[in-house]
Amino acid sequence: MYVHMKNIVYGHCIKGIKGNPVQVPKLEKYVNLWAREKNIEYIPSIKKANNIKIAVIGAGPSGIACSVELAKNGFDVTIFEKETEIGGLLTYGIPGFRLPRDITKNLTARIKKLGIKIKTNIELGKNIGIEQLKKQGYRAIFIGIGADIPVIYTLNNKKCDKIYKSNYILKEYNSKKRVKDLGNVIVIGGGNVATDCSRAVMRMGAKSSTIIYRRDKNKMPAREIELEEAIKDGVNIIYNTKVIDAEIKNEKLEQVKCIKTDTRSKEVLDIENSEFYLKADSIVFAIGLKPDKNLINNEELEFDENGLIKTDDNCMTNIDGVFAGGDVTQNKATVCMAIKSGKSAAKSIQNYLEQKI
């Protein structure tokens with residue numbers, strides 16, 4: 001469990017308040033590596049099949065967690081995934097230098113062992129809809145499509161093909177492709193996605209990689225270990241700074257204009273007359289992701305003010321029998337939180353169906 005409080009090192013246990021914290025992530029990593037080396041595989045027990053069909057839309061962390069829990073309890077689960085491979089963020093987002101590819105590439109086989117069916121290249125709102133699934137006999141539906149639309153802001157209205165979104169950079173890297181001629185890269189953001197992008201571009205041949213974050217280090221959401229690894233890879237980090245403009249000439253990015261910020265209060269305030277310039281050949285936006293509402297606008301689902309699907313305490317949406325979890329329902333979610341929400345939804349789905357029987 002990760003905690004983030006004043007005077008506590010992010011990623012360590014609560015013991016850090018009064019003494020030296022136990023480094024939980026390192027312990028978890030050690031146990032997992034040991035299990036892999038010893039070829040130890042956890043095989044869950046599965047209850048007798050009840051032949052109740054459930055559809056899970058999205059094969060990211062929340063969808064997989066929900067599917068596994070339901071399959072263990074005897075439900076007939078089918079996963080619908082828009083990509084050609086399952087895993088979501090685990091496959092297309094987190095780079096291989098942080099999450100070894102052999103872990104994700106075996107997901108399909110391990111999931112099928114539980115009797116879960118997987119249908120890829122099928123997307124909610126395009127190839128399939130909620131009513132269609134209900135007509136096909138699915139008694140409950142879980143939506144875990146994640147958030148994959150990058151948040152960006154305008155730096156310059158001039159045309160430039162060297163301004164990238166985080167999901168593009170990471171997907172190209174994980175597909176073993178390379179974005180050419182990156183040059184000096186500016187990464188805007190402060191989370192784990194920003195550190196992932198900064199390290200990925202270095203491996204793609206960038207001359208330099210610099211993370212620019214508008215708050216100070218203590219408020220940076222990236223895990224300390226990710227910052228340490230990024231610095232080891234040669235990444236520069238500039239705190240209390242915002243990128244406010246980009247100089248583009250003949251469709252070529254030349255430099256970015258920055259301004260220093262004051263974050264002593266809750267607000268991020270620009271410091272007057274503190275502007276400066278940094279040489280830049282490419283920019284990567286890594287300031288967050290949001291769900292693609294356009295895909296599910298026709299499904300009559302209700303959204304909150306942040307564009308996330310509304311759910312009640314039982315993970316159910318406004319549509320009876322339709323549940324949701326993961327990044328599509330919560331801001332700044334981690335993989336662990338997505339898994340937790342998928343498991344919670346599975347329990348709620350089981351309770352819901354037991355009341356219907």
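Trainee: Let me start with Pro 150. Is Pro 150 buried or exposed?
Mentor: Pro 150 counts as buried, because its relative accessible area is 11%, and the cut-off for buried is under 20%. Please keep in mind that this is a predicted model.

Trainee: Where is Pro 150 found, and what does it touch?
Mentor: Pro 150 is found in strand S5, which covers residues 149–150. Leaving out residues up to four places away in sequence, Pro 150 touches Lys 165, Asn 167, Gly 288 and Leu 289.

Trainee: How far is Pro 150 from Ser 166 in space?
Mentor: Their C-alpha atoms are 6.9 Å apart, while 16 residues separate them in sequence.

Trainee: And is Ser 166 buried or exposed?
Mentor: Ser 166 is buried, because its relative accessibility is 2%. Ser 166 lies in helix H7. Not counting residues up to four places away, its contacts include Val 193, Cys 197 and Phe 285.

Trainee: Which side chain of opposite charge is nearest to Glu 172, and how far away?
Mentor: That is Lys 177, at 4.3 Å. A salt bridge here requires a side-chain nitrogen within 4 Å of a carboxyl oxygen, so Glu 172 is buried yet has no salt bridge. Beyond neighbours within four places in sequence, Glu 172 is in contact with Lys 177, Val 179 and Met 204.

Trainee: Next, Lys 176. Where is it, and what is its phi?
Mentor: Lys 176 is found in the loop between H7 and strand S7 (184–188). Its phi is positive, about 60°, although Lys 176 is not a glycine. Most residues other than glycine have a negative phi. Lys 176 counts as exposed, because its relative accessibility is 74%.

Trainee: Which other residue has a positive phi of about 60° although it is not a glycine?
Mentor: Asn 51 has one. Asn 51 is found in the loop between helix H1 (24–37) and strand S1 (53–57). With a relative accessible area of 67%, Asn 51 is exposed.

Trainee: Back to S7. How many of its residues are buried?
Mentor: Five of its five residues are buried. Asn 184, Ile 186 and Ile 188 are on one side, with Val 185 and Val 187 on the other, and both faces are covered. In a regular strand the side chains alternate between the two faces of the sheet.

Trainee: Which strand is S7 joined to?
Mentor: S7 is joined to strand S8 (residues 208–212) by five bridges, and the two run parallel. Val 185 stands opposite Ser 209 in S8.

Trainee: And S10 with S11, are those parallel or antiparallel?
Mentor: S10 (residues 241–249) and S11 (residues 252–262) pair in the antiparallel sense over eight bridges. Ala 246 stands opposite Val 256 in S11. The two strands form a hairpin with two residues between them, and Asn 250 in the turn has a positive phi of about 55°.

Trainee: Changing topic to helix H9. Which residues are buried there?
Mentor: Glu 226, Leu 227 and Ala 230 are buried in H9 (residues 224–232). They lie on the same side of H9, because they cover an arc of only 100° around the axis. Residues three or four places apart in an α-helix point the same way, because there are 3.6 residues a turn.

Trainee: What covers that side, and what is on the face turned away?
Mentor: The cover includes helix H8 (192–203) and strand S9 (236–238). The face turned away carries the exposed residues Ile 231 and Lys 232. Just after H9, Gly 234 takes a positive phi of about 95°.

Trainee: One last point. What is the average pLDDT of the chain?
Mentor: The chain averages 89, and 94% of the residues score at least 70. Over residues 1–10, however, the pLDDT is below 50, and this stretch has 26 contacts in the model beyond near neighbours in sequence. Where pLDDT is low, the predicted coordinates should not be read in detail.

How values were computed
Residues numbered from 1 in each chain as written. Predicted model: local features only at pLDDT ≥ 70, side-chain atom pairs only at ≥ 80, totals over all residues. Heavy atoms only, no water. Buried < 20%, exposed > 50% of the residue type's maximum accessible area, 1.4 Å probe, protein only. Lys, Arg positive; Asp, Glu negative; His and termini not counted. Contact = heavy atoms within 4.5 Å. pLDDT = per-residue confidence, 0-100. Helix = DSSP H or I, 4+ residues; strand = E, 2+ residues; numbered from the N terminus. Arc of directions from axis to C-beta. Pairing = 2+ DSSP bridges.
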